[in-house]
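This report describes the secondary-structure architecture of a single model. The sequence and coordinates are shown first.

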Amino acid sequence: MSYLKEKILKDGVVINDSVLKVDSFLNHQIDPIVLREISNEFLNYFKEKEITKVMTIEASGIAPAILVASELNVPMLFAKKTEPSTLQNEKQFATDIHSYTKNITSRVIVSEEYLSADDKVLIIDDFLANGEAALGLIDLVRQGGGEVVGVGICVEKSFQPGRQKIIDAGVDVFSICRIASLENNTVHFVEE
Ligand code: 5GP
């Protein structure tokens, strides 16, 4: 069993039938062993894809994305949920993303300067639920004319429709661990 799965079983907190809290090792405090394992799994799966950029959305995706980008020696780009004054005079790609956990829709942006038609982008995020974050990021890459080579997810909740939506968008999804159910306060993984 992967260390991430062990940590989920030992330290993950089931908030309700659809939300898992992983603040002690991934979302707030970060366990470096979990992070290194995540990075290695993504690299193994996507290494042949000639990736030019790793992309995520702030904030929880940044830690795993930066480690993968560092190993690949390519830049990591994160979409921003607010517009800093430094970006106000720059051309931007923008899309709306509804946050599953916060239940708000944010306009997320990246500067046009950092996405181009030559890019082959690996998208990384911590969780996959309804696929809003991943689909928004795919939209931003495609606005720039680039190619999304895949979506790498740390924790997929397979009882929600995100995976299918990404596949329907024509993009490969690789998830390090897949949760079949959070019912009865218990984490059940998809059988492999
Ligand atoms: P989606 O965009 O796929 O609907 O939801 C994914 C985003 O929502 C992730 O970026 C993650 O931050 C957050 N998220 C969704 N479900 C969970 C969950 O069960 N636990 C935590 N900690 N975050 C979640």
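The sections below treat the basis of the model, the sheet, the helices, the hairpin and selected backbone features.

## Basis and conventions

The model is predicted, and local features require pLDDT of at least 70, side-chain atom pairs count only at pLDDT 80 or more, and totals for chains, interfaces and linings use all residues. Residues are numbered from 1 along each chain as its sequence is written, and side-chain values use heavy atoms, with hydrogens and water left out.

Helices (H or I, at least four residues) and strands (E, at least two) are DSSP runs, numbered from the N terminus. Two strands pair if DSSP finds at least two bridges between them.

## The six-stranded sheet

An open sheet is built from six strands in the order β4-β3-β7-β8-β9-β10, with mixed pairing.

Strand β7 (residues 120–128) and strand β8 (residues 147–157) run parallel and are joined by eight bridges; K120 stands opposite E147 in β8. Strands β8 and β9 also run parallel, joined by six bridges, and K157 has I179 in β9 as its bridge partner. β9 is mostly covered, since seven of its nine residues are buried (buried means under 20% relative accessible area, exposed over 50%, partly exposed in between, with a 1.4 Å probe and protein chains only).

## Helices lying across the sheet

Helix α3 (residues 32–46) lies across β7, β8 and β9 (173–181), and runs at about 140° to β8. Helix α4 (residues 62–72) lies across β3 (53–57), β4, β7 and β8, at about 175° to β3. For these angles, axes are lines fitted to C-alpha atoms, for helices over the stretch in contact, and angles run from 0 to 180 degrees between N-to-C directions. Contact means heavy atoms within 4.5 Å.

The buried residues of α4 are A63, P64, A65, V68 and A69. These buried residues pack against α3, β3, β4, β7 and β8.

## Helix–helix packing

Two packed helices are described by the angle between their axes and the distance between the axes. The axes of helix α1 (residues 3–11) and α3 come within 9 Å and cross at roughly 140°; α1 and α3 are therefore oblique to each other. In this scheme, angles under 35 degrees count as roughly parallel, over 145 as roughly antiparallel, 65 to 115 as roughly perpendicular and the rest as oblique. Y3, L4 and K7 of α1 meet I33, V34, E37 and I38 of α3. By class, the contact of α1 with α3 has five nonpolar, no polar and two charged residues (Ala, Val, Leu, Ile, Met, Phe, Trp, Tyr, Cys and Pro count as nonpolar, Asp, Glu, Lys and Arg as charged, and the others, Gly among them, as polar).

The axes of α3 and α4 come within 9 Å and cross at roughly 55°, and these two helices are therefore oblique to each other. From α3 the contact involves L35, R36, I38, S39, F42 and L43, and from α4 A63, P64, L67, V68, E71 and L72. These residues divide into nine nonpolar, one polar and two charged.

## The β5–β6 hairpin

Strand β5 (residues 92–98) and strand β6 (residues 105–111) form a hairpin with six residues between them, and N103 in the turn has a positive phi of about 55°. The two strands pair in the antiparallel sense over seven bridges, with T95 standing opposite V108 in β6.

In a regular strand the side chains alternate between the two faces of the sheet.

## Backbone features in loops

The peptide bond from E58 to A59 is cis, with omega near 5°. A59 is placed in the loop between β3 and α4.

N73 has a positive phi of about 60° although it is not a glycine. This residue lies in the loop between α4 and β4 and is exposed, with a relative accessible area of 71%. N185 likewise is not a glycine and has a positive phi, of about 65°. N185 is found in the loop between β9 and β10 and is exposed, with a relative accessible area of 58%.
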